[in-house]
Amino acid sequence: MSTNEVNNDDRNWSDFRTRRWRHSRGLRSMLQQIRLDATDLICPIFVSHGENVRVEIPSMPGQFQISVDRLGEEIKEIEQAGLPAVILFGIPEHKDAQGSGAWHDNGIIQQAIRRIKEISPEMVVITDVCLCEYTDHGHCGLVNETASAAGRESLPAGYVLNDETLASLGQIAVSHARCGADIVAPSGMMDGMVTTIRRSLDAHQYEHVAIMAYSVKYSSAFYGPFRDAADGAPQFGDRKTHQMDFAESRQAMREARLDVQQGADFLMVKPAMAYLDMIARLHAGFSEMPLVAYNVSGEYSMVKAAAEKGWLNERETVFELLTGMKRAGADLIITYHAKDVGKWLKQMD
Ligand code: PBG
């Protein structure tokens, strides 16, 4: 026997060759369990006040603040990319201590929903239900001992008041439903928000409008670019008394269970990349619930920045990240990459 010849008897590995599974492109595609589809994706839109506005957001290349009169072209592009749904965030002209612009009949989101439903009745319209973009202090609710709320001595000044905020959230959800929203998505992490919103919707005969609860929302540095984009950074303090601590995982199960009990139709984990374990745990623990992962602004901007520098291949990176979120157990993904992915998937057909 020549010395070059493989001597099978000398093999010291277990003799199964896993590489057979990966031998050809065809085999690899047969064995894929996870396939990203445009119908998994939800496309965020930042709706701005003003006319003829389409301004790129500096910290989120490829994302724009768009005025209501320019929504037509955006919606057409989203349809052409094969995406079934949008989630709306508003940048109002005026802010006040109560965030009253959030439930105004002719508020920015209310106008946007009506416009989108005119252009594209089939598009699923999801709305963010929170006060942070509408309050002058930038908090997600009424704040203790400011002009927005009478002081409560039992709580620190600056505290985001829970029960006082709930009524506003109910009002916002109903005003979105009245304009034709299909799903309302409360993002403020107030206790009892799903119950309040469900009751308010039902009381106004919007029992068909669904609730996508931001159930497991961590207090995260990855929201940085969004706060620029939506002009919703808190003017003082932070969101750590309502958003979750990222060093904690037990509370997530309790948060999700409460939202299910309160009538949520969808659960969400946010952000996604550093929280795949939480996606997997919610998927296992609440398998009957549709689960949404929010691939947030900072996660998007990191990829864009590295791609601009030529350090990462954008398309391959995005497919890997989003596929990982689905593999972890997400059914749906809110992502700023949605339009690009929809277009890429069409090119690959
Ligand atoms: C609050 C809200 C935020 C995001 C979605 N809804 C900001 C926050 O909680 O501070 C973040 C989304 C992102 O970073 O992409 N209305």
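In this predicted model, strands β4 (residues 85–91) and β5 run parallel and are joined by four bridges. Strand β5 spans residues 124–129, and five of its six residues are buried, so the strand is largely enclosed by the rest of the structure.

**Pairing of β5**

**Nonpolar cores**

- The largest nonpolar core contains 78 residues, of which Ile45, Val86, Leu88, Leu201, Leu282 and Val341 touch the most other members.
- Helix α4 (residues 162–179) gives the most to this core, contributing seven residues.
- Another core, of 27 residues, lies apart from the largest one and includes Ile42, Ala210, Met212 and Tyr214.

**Surroundings of valine 86**

- Valine 86 is one of the residues that touch the most other members of the largest core.
- When its neighbours within four places in sequence are left aside, valine 86 is in contact with Ile42, Cys43, Ile45, Ile75, Ile78, Ile116, Met123, Val124, Val125 and Ile126.
- Among these contacts of valine 86 is Ile42, a residue listed in the core of 27 residues.

Terms used: Residues are numbered from 1 along each chain as its sequence is written. This is a predicted model: local features need pLDDT of at least 70, side-chain atom pairs count only at pLDDT 80 or more; totals for chains, interfaces and linings use all residues. Side-chain values use heavy atoms; hydrogens and water are left out. Buried means under 20% relative accessible area, exposed over 50%, partly exposed in between (1.4 Å probe, protein chains only). Helices (H or I, at least four residues) and strands (E, at least two) are DSSP runs, numbered from the N terminus. Two strands pair if DSSP finds at least two bridges between them. A nonpolar core is a set of buried Ala, Val, Leu, Ile, Met, Phe, Trp, Tyr and Cys residues joined through side-chain atoms within 4.5 Å. Contact means heavy atoms within 4.5 Å.
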